[in-house]
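These are my notebook entries on a structure I went through residue by residue.

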Amino acid sequence: MILDPDRLGQYIDPMYRAAWALCGSRHDAEDLVQETLLNVLKRPRLLRDGNELGYLLRALRNTYSSRYRLAARRPAERQLFDDDDPAAPFTDDAVSARELMEAVAGAPPLYRDAVIAVDLVGLSYREAARVLGTREETITSRVHRGRQHIARALTEAAVTAA
């Protein structure tokens with residue numbers, strides 16, 4: 001049995017209730033149902049048991065899981081307020097932005113690229129590996145070693161300045 005796009009309208013209410021239970025928000029539930037229906041309608045589906053609602057609820061759950069994993073990989077965002085001062089003076093033991101960027105620039109290129117991709121750009125290890133054309137495990141070790149190199153450079157700069 002092929003999933004009939006004309007009959008999908010009768011399943012919107014049960015899908016919406018299930019989505020609301022998953023998301024806990026009415027607006028997120030509406031978005032989830034729309035995204036699920038979009039995914040289902042992208043290509044025709046063949047249902048073996050003829051259970052359209054069961055299939056749609058599984059698709060809803062899979063769409064929710066994919067959205068949740070994607071959101072978990074994103075870096076945390078913080079809203080800036082008017083009283084937040086990005087140019088706040090550094091304390092005596094803090095590192096200036098210039099010193100930090102010089103330490104990053106002084107790292108070996110492989111380590112530097114991995115640290116920039118993960119820490120500055122905010123890519124996940126998997127995304128950084130894809131962009132840099134290497135394995136995820138290699139990115140993990142390069143980021144670790146790059147951070148160590150940068151920390152040593154900053155420590156040495158602080159010792160020579162003192």
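**Conventions.** I am working from a predicted model, in which local features need pLDDT of at least 70 and side-chain atom pairs count only at pLDDT 80 or more, while totals for chains, interfaces and linings use all residues. Residues are numbered from 1 along each chain as its sequence is written, and side-chain values use heavy atoms, with hydrogens and water left out.

**Thr-36.** I located Thr-36 in helix α2, residues 26-41 (helices are DSSP runs of H or I, at least four residues, numbered from the N terminus). I then asked: is Thr-36 buried or exposed? Thr-36 is buried, because its relative accessible area is 1% (buried means under 20%, exposed over 50%, partly exposed in between, with a 1.4 Å probe and protein chains only). A polar atom of its side chain lies 2.8 Å from the backbone oxygen of Leu-32. I listed the contacts of Thr-36 beyond four places in sequence (heavy atoms within 4.5 Å) and found Met-15, Leu-56, Ala-59, Leu-60 and Thr-63.

**Thr-63.** I followed that list to Thr-63, which lies in helix α3. Thr-63 has 7% relative accessibility and therefore counts as buried. Its side chain has a polar atom 2.8 Å from the backbone oxygen of Ala-59. With residues up to four places away left out, Thr-63 touches Leu-32, Glu-35, Thr-36 and Asn-39.

**Leu-8.** I looked up Leu-8 in the segment before α1 (12-23). Its relative accessible area is 4%, so Leu-8 is buried. Not counting residues up to four places away, Leu-8 touches Leu-3, Leu-37, Leu-41 and Leu-56. For the pair Leu-8 and Leu-56, I noted 48 residues of sequence separation and a C-alpha to C-alpha distance of 9.0 Å.

**Largest pocket.** I noted a volume of about 160 Å³ for the largest pocket. A pocket here is an open set of points on a 1 Å grid over the protein atoms alone, where a 1.4 Å probe fits, with protein on both sides within 12 Å along at least five of seven lines; lining residues have an atom within 4 Å of a point. The volume is the space filled by probe spheres set on the points, which are joined across faces, edges and corners. Which residues line the largest pocket? I listed Cys-23, Asp-28, Tyr-64, Arg-67, Tyr-68, Leu-70, Ala-71 and Arg-74. Helix α3 (residues 52-73) gives the most to this lining, with five residues.

**Helix α7.** I checked the span of α7 (residues 136-161): its 26 residues reach 37 Å from first C-alpha to last, close to the 38 Å expected at 1.5 Å a residue (the expected span is 1.5 Å times one less than the number of residues). The buried residues of α7 are Ile-139, Arg-142, Val-143, Gly-146, Ile-150 and Leu-154. I found them packed against α4 (97-105), α5 (109-120) and α6 (125-132).

**Thr-134.** I placed Thr-134 in the loop between α6 and α7. Thr-134 counts as partly exposed because its relative accessibility is 23%. Beyond its neighbours within four places in sequence, Thr-134 is in contact with Ala-129, Ile-139 and Arg-142.

**Ile-116.** I ended in helix α5, where Ile-116 lies. At 29% relative accessibility, Ile-116 counts as partly exposed. Outside four places in sequence, I found Ile-116 in contact with Val-104 and Val-121.

Definitions and conventions: Helix = DSSP H or I, 4+ residues; strand = E, 2+ residues; numbered from the N terminus. Polar contact = N/O pair within 3.5 Å; in protein donor to acceptor, adjacent residues only side chain to side chain.
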